[in-house]
Protein chains: 2
Amino acid sequence: MIKKYVYGTPFPTEAVVKDIEASDDKLSFFETDDKGSFTYTFAEDDIVYGLGEQIRGINKRGWQYVSWNYDNPNHHEDARSLYGSHNFIIISGKQTFGAFFDYAGEIEFDIGYTKRSEMKITPKTSDLIVYIITGDNEKDIVKQFRGLIGRSYIPPFWAFGYGQSRWGYKNEQEIRDVAQQHKAAGIPLDSIYLDIDYMERYKDFTVDSELFPNLEKLAEDMKAQGIYLVPIIDAGVKIEDGYDVYEEGVRDNYFCKNAEGDDFVGAVWPGKVHFPDFLNPEARKWFGNKYSVLTSLGIEGFWNDMNEPAIFYTEDRLKDTCAKIEKLTSENMGINEFFEFTGMVAGLNGNKGDYDKFYHNVNGRMVKHSDVHNLYGMNMTRSAFEALREICPEKRTLFFSRSSYIGAHRYGGIWQGDNKSWWSHILQSMQQLPALNMAGFLFTGSDTGGFGCDTTEDLMMRWLQYSLFTPLFRNHSALGTRGQELYRFGNKGAAAEIVKIRYCLIPYLYSEYLKAALNDEMIFKPLAFDFPEDEMAKQVDDQLLLGNELMIAPIYKQNAFGRYVYLPEEMLLVRMKSCENITTEVLPKGHHYVDIPLDELVFFIRKNKAIPFGKAVEHTAAIDKNTLRLLGYPDCLYELYSDDGYSPVPDNSLNISML
Amino acid sequence: MIKKYVYGTPFPTEAVVKDIEASDDKLSFFETDDKGSFTYTFAEDDIVYGLGEQIRGINKRGWQYVSWNYDNPNHHEDARSLYGSHNFIIISGKQTFGAFFDYAGEIEFDIGYTKRSEMKITPKTSDLIVYIITGDNEKDIVKQFRGLIGRSYIPPFWAFGYGQSRWGYKNEQEIRDVAQQHKAAGIPLDSIYLDIDYMERYKDFTVDSELFPNLEKLAEDMKAQGIYLVPIIDAGVKIEDGYDVYEEGVRDNYFCKNAEGDDFVGAVWPGKVHFPDFLNPEARKWFGNKYSVLTSLGIEGFWNDMNEPAIFYTEDRLKDTCAKIEKLTSENMGINEFFEFTGMVAGLNGNKGDYDKFYHNVNGRMVKHSDVHNLYGMNMTRSAFEALREICPEKRTLFFSRSSYIGAHRYGGIWQGDNKSWWSHILQSMQQLPALNMAGFLFTGSDTGGFGCDTTEDLMMRWLQYSLFTPLFRNHSALGTRGQELYRFGNKGAAAEIVKIRYCLIPYLYSEYLKAALNDEMIFKPLAFDFPEDEMAKQVDDQLLLGNELMIAPIYKQNAFGRYVYLPEEMLLVRMKSCENITTEVLPKGHHYVDIPLDELVFFIRKNKAIPFGKAVEHTAAIDKNTLRLLGYPDCLYELYSDDGYSPVPDNSLNISML
């Protein structure tokens with residue numbers, strides 16, 4: 001059951017799609033106080049699930065989180081905010097229930113940080129809606145919540161293929177080389193991503209005519225090889241005379257305004273920009289229609305970036321900083337002054353104060369950005385989604401975003417942001433997945449191999465062995481880091497085999513994705529969600545259930561060639577060196593140490609289950625659903641969802657066949 | 001056997017104390033090339049141990065390390081350099097041998113980073129000594145190496161007590177409060193550290209007369225409570241007229257010079273400073289004698305900091321940066337310019353170019369600092385050690401340092417630097433211990449609870465349960481972070497019990513320390529060092545053998561209340577809630593999942609071993625060696641080393657009694 005409690009005058013976030021009458025009852029579970037906090041007293045063994053993209057373990061107890069969408073490339077243990085705000089949690093233990101704090105501004109979740117036995121949730125202002133969800137168990141609560149927030153985004157079939165990306169691909173020729181090198185190395189590939197490099201001076205909806213003289217031809221040639229180009233779109237619009245997007249936005253008042261009513265100026269990649277007012281329906285429609293500039297060149301997928309929105313600096317703050325620098329450096333700078341100096345410079349980027357300086361036009365009412373900050377990225381993706389649904393109604397377009405709020409899951413996926421080539425970031429990504437699924441985000445995945453810092457071959461192998469299971473399976477890295485396209489490594493054959501196994505699994509992964517989306521279910525679950533009576537399962541935070549048939553337990557430590565795995569029931573251990581070289585072994589319920597050599601994929605099939613498994617192919621287009629074999633326990637069937645992979649999927653269209 | 005190979009004209013680092021004749025043979029194991037690299041081709045299963053303080057796992061394969069002492073507060077997975085340079089490695093596998101690259105400048109260890117199957121070691125110039133050590137096994141190689149580099153530093157007995165530290169203790173009253181609060185909460189305490197706050201304007205060998213009006217009295221009062229004050233000493237000497245240390249150093253040319261022969265200026269905590277020329281024996285003696293300013297006030301221990309040396313900025317670079325900032329900010333700063341701007345500011349601190357700008361006077365020869373950079377911290381601690389040996393010959397003084405080179409282990413300990421309140425930093429510290437021991441550094445430990453970032457109560461409990469086993473057991477945190485003195489937490493009683501258990505273990509820990517120091521052995525060993533035939537033991541990198549009797553396997557994950565433990569032989573699991581509440585259980589060789597509640601200490605006693613275990617006391621001074629009981633397997637004896645705990649320990653004075 002879902003109960004809705006309204007406080008003050010909440011901003012309509014549009015996270016929720018179901019109209020529920022507000023309750024007049026006293027709020028259950030939480031104590032409220034005059035500071036606007038919601039306090040829950042933990043029992044010793046309570047577990048807190050949720051918060052979507054936030055860091056640390058599957059159990060969120062013991063840290064302080066702040067929902068404030070933030071371009072934070074440091075997904076470190078002390079991070080309190082990343083790119084998305086997903087204010088849905090489940091408390092599981094003495095009492096089990098879900099709670100969604102629907103609030104567009106900054107809100108803090110102190111989950112036993114200040115006081116181990118206490119959770120305190122504090123929004124910046126007391127204008128919000130709290131939904132309390134009770135049900136049979138965690139899964140039931142998630143299902144009810146997902147019904148409340150609407151169906152998750154469904155990408156095209158080709159989006160389940162392997163994608164290659166890098167910030168720094170120089171020109172058309174390099175893109176063609178990347179495609180060719182994958183082919184030469186026998187590494188399947190469905191997409192190549194275009195980072196900011198393809199644009200003319202980082203202007204949205206432009207293409208650099210020197211570096212990419214004919215993007216349409218390039219897209220066509222690539223598509224002939226089964227490869228889709230996926231360009232990036234940034235939130236900020238460059239201020240440049242003669243640039244149509246800039247000039248139209250100024251003319252029609254589609255940009256966010258400062259207090260004086262002028263278009264607000266921030267600086268991002270292109271230097272100074274205006275920010276489209278995505279909370280203004282007309283501006284949203286106008287910006288969304290711009291995507292047709294690229295779809296008309298044959299583009300069928302996009303990633304939306306920098307839409308927290310990221311602000312590298314504002315003119316005023318930069319001016320103040322420079323004046324201060326001049327003053328500080330004119331004297332003997334000791335520790336205090338030096339830290340002030342470096343702190344001011346570091347504090348230019350994403351400074352919270354800058355978000356108080358601009359406004360949205362919400363149906364004629366000026367709303368301060370910081371009050372609705374967490375909705376910006378969601379409405380950028382919505383802008384694209386709604387427009388493309390009209391521009392290309394006959395097919396699905398790939399969308400995913402960096403920033404999000406609950407509700408954005410209806411318009412696109414999200415990637416897990418600018419991680420690093422750290423071993424711990426394999427585990428971090430994995431621990432985010434169930435919470436993202438809880439919040440409706442099914443199409444997600446991490447930058448495989450790590451975005452920032454230098455990767456190594458063994459890290460890449462282990463990362464592949466994990467992320468081949470995630471819907472979004474993209475290798476992405478930053479300018480200045482070591483190249484990490486798989487063909488660069490010593491044992492590229494082993495990497496190719498892992499990617500090929502992904503393609504054999506796509507029929508299964510796609511089927512589970514669609515079933516989860518259409519049934520409001522999770523793809524990735526903590527073990528305890530399916531084994532609620534198993535005390536050990538509650539402790540496991542480095543294994544996940546995938547769909548209804550699999551359990552994954554990847555390696556995420558350097559120089560580890562085996563790991564401990566807990567089986568909450570008997571399972572079939574599957575060991576693959578390639579799509580053809582497969583061995584299986586039944587393991588009993590309990591603790592196991594499992595050897596996992598660097599070039600082997602190991603996963604588990606649940607008792608009396610089987611999964612469809614295809615053949616190795618070069619592209620998703622070559623996947624033949626008629627040659628699927630069943631892998632798993634003998635004499636078990638699998639409910640296969642299938643469709644044409646590109647037509648929009650109507651609700652209640654669960655096209656299932658038994659395999 | 002140790003063989004010595006001399007290349008070019010090596011700088012005499014004084015890492016080695018034994019005179020060995022150089023070999024004319026061809027270097028074994030490594031291939032050399034005309035770029036000055038030493039290349040070793042790995043067998044598939046080779047393990048690389050060593051590199052002292054460097055990050056990542058016990059097995060160093062798969063990353064690129066650079067020996068370049070560096071004030072690096074980011075002990076992240078991508079770090080290549082920390083504060084110390086410990087160029088000793090053991091390759092274990094198809095061929096097992098040790099190699100020490102005795103080189104005072106920058107040297108890179110590419111351990112299968114560029115190419116998984118290859119290790120390439122490249123010094124900046126080809127002037128170095130390479131020692132190749134062969135022996136029966138890893139332990140034998142370590143013992144030979146330790147004999148080569150001389151006996152490890154032996155601290156006073158009280159240094160094994162618990163220490164409380166924080167950057168930011170405001171004044172004498174706060175120090176007294178800290179002592180009192182520990183007493184009130186029943187938390188044993190042997191030392192309180194004074195960070196930079198106690199000095200007058202961050203000037204070495206001064207005491208702020210307002211904040212600490214009578215340090216001698218404070219030290220005396222504290223000592224009456226069994227608590228030693230341990231002040232910090234920084235490398236840089238403030239430039240300030242009338243300040244004796246500054247004026248003497250200028251007068252006698254004891255500071256490093258720039259190319260023009262003027263005293264080199266860098267900036268650190270006090271702003272502009274000169275750096276004592278610790279490579280000049282006279283300057284070293286002069287600086288060392290300054291410690292008597294504090295010993296005359298009753299101080300018996302010091303920590304030497306900022307001695308890489310850290311340089312926040314130099315005047316020239318700051319001037320260039322400011323000019324550049326002015327230019328960049330006068331135009332529309334896009335991505336390239338903004339990153340240049342922020343990069344320049346971030347690059348002021350510890351900029352490598354600055355270390356080319358000053359010189360040491362080595363017996364009349366001017367030596368560029370960057371050629372001998374890694375020796376600076378070692379010679380600062382040597383300066384103190386050698387002087388205090390004369391000033392207070394009757395007793396040991398506590399010394400530890402941040403920066404070090406092999407050889408520094410004879411003069412003092414090191415702490416593991418400015419870590420963070422991250423769960424992963426418990427494991428990181430643990431993985432550094434064996435490699436530090438290999439390099440001679442026995443007196444070491446991490447900042448318990450984490451220095452940077454905010455700690456939590458559960459993190460502190462788990463950290464205590466690990467670091468109570470390390471010789472240096474200090475709680476330390478940074479200004480601006482959450483206070484983490486143990487009495488601040490909800491369940492301070494549980495924390496107090498853990499610290500009390502430390503005191504019960506001190507007779508054992510001290511005994512093992514002294515035996516390791518006097519016998520050139522390690523205190524903390526990887527499991528594989530004692531179980532070389534056990535393939536599983538080679539994989540274990542989150543458990544350590546401690547001395548000859550114990551194995552530790554702490555928890556280092558939030559919300560984990562148990563963990564997997566591998567026993568390479570039958571062992572006795574010991575479970576303690578307090579010094580009196582002890583249960584034991586024999587566990588067979590093999591894999592185990594062990595429950596470890598938050599308030600319980602768990603460790604293991606090896607088969608047919610026992611350890612001495614004392615009673616809970618408030619200070620080390622109250623430890624009564626006559627009331628020791630034996631804990632472990634029945635009818636087993638323990639070889640107890642003991643002495644008065646303060647007299648300097650002569651060589652070959654192994655004072656053992658059977659217990």
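**Contacts.** I began with contacts in chain A between residues at least 6 apart in sequence. Of these, 72% join residues at least 24 apart. I noted that the model is predicted.

**Fold and size.** Next I looked up the secondary structure of chain A. I found 15 helices and 37 strands. I then took the span of the C-alpha trace along its principal axes, which is about 70 × 65 × 55 Å for chain A.

How many of the 659 residues of chain A count as buried? I found 67%. Chain A exposes about 21,800 Å². Carbon and sulfur atoms supply 47% of that area.

**Two copies.** I laid chain B on chain A. A turn of 180° with a shift of 0.0 Å along the axis does it, and the RMSD is 0.0 Å. The copies are therefore related as by a two-fold rotation axis. Both copies use the same surface, as 100% of the contact residues of chain B recur in chain A.

**A surface patch.** Last, I turned to chain B. B:L630, B:L637, B:L654, B:I656 and B:M658 make a nonpolar surface patch of about 430 Å². I picked out B:L637, which sits in the loop between β36 (629-632) and β37 (639-641) of chain B. Is B:L637 buried or exposed? B:L637 has 58% relative accessibility, so I marked it as exposed; the cut-off for exposed is over 50%.

Note on methods: Residues are numbered from 1 along each chain as its sequence is written. Chains are lettered from A and ligands numbered from 1 in the order in which they are written. This is a predicted model: local features need pLDDT of at least 70, side-chain atom pairs count only at pLDDT 80 or more; totals for chains, interfaces and linings use all residues. Side-chain values use heavy atoms; hydrogens and water are left out. Patches are made of residues with over 30% relative accessible area and no salt bridge: like charges are joined within 9 Å, nonpolar side chains (Val, Leu, Ile, Met, Phe, Trp, Tyr) within 5 Å. Accessible areas come from the Shrake-Rupley method with a 1.4 Å probe; for residues, only the protein chains shown count as cover. A salt bridge is a side-chain nitrogen of Lys or Arg within 4 Å of a carboxyl oxygen of Asp or Glu. Helices (H or I, at least four residues) and strands (E, at least two) are DSSP runs, numbered from the N terminus. Buried means under 20% relative accessible area, exposed over 50%, partly exposed in between (1.4 Å probe, protein chains only). Copies are superposed by least squares on the C-alpha atoms of residues with pLDDT of at least 70 in both. Contact means heavy atoms within 4.5 Å.
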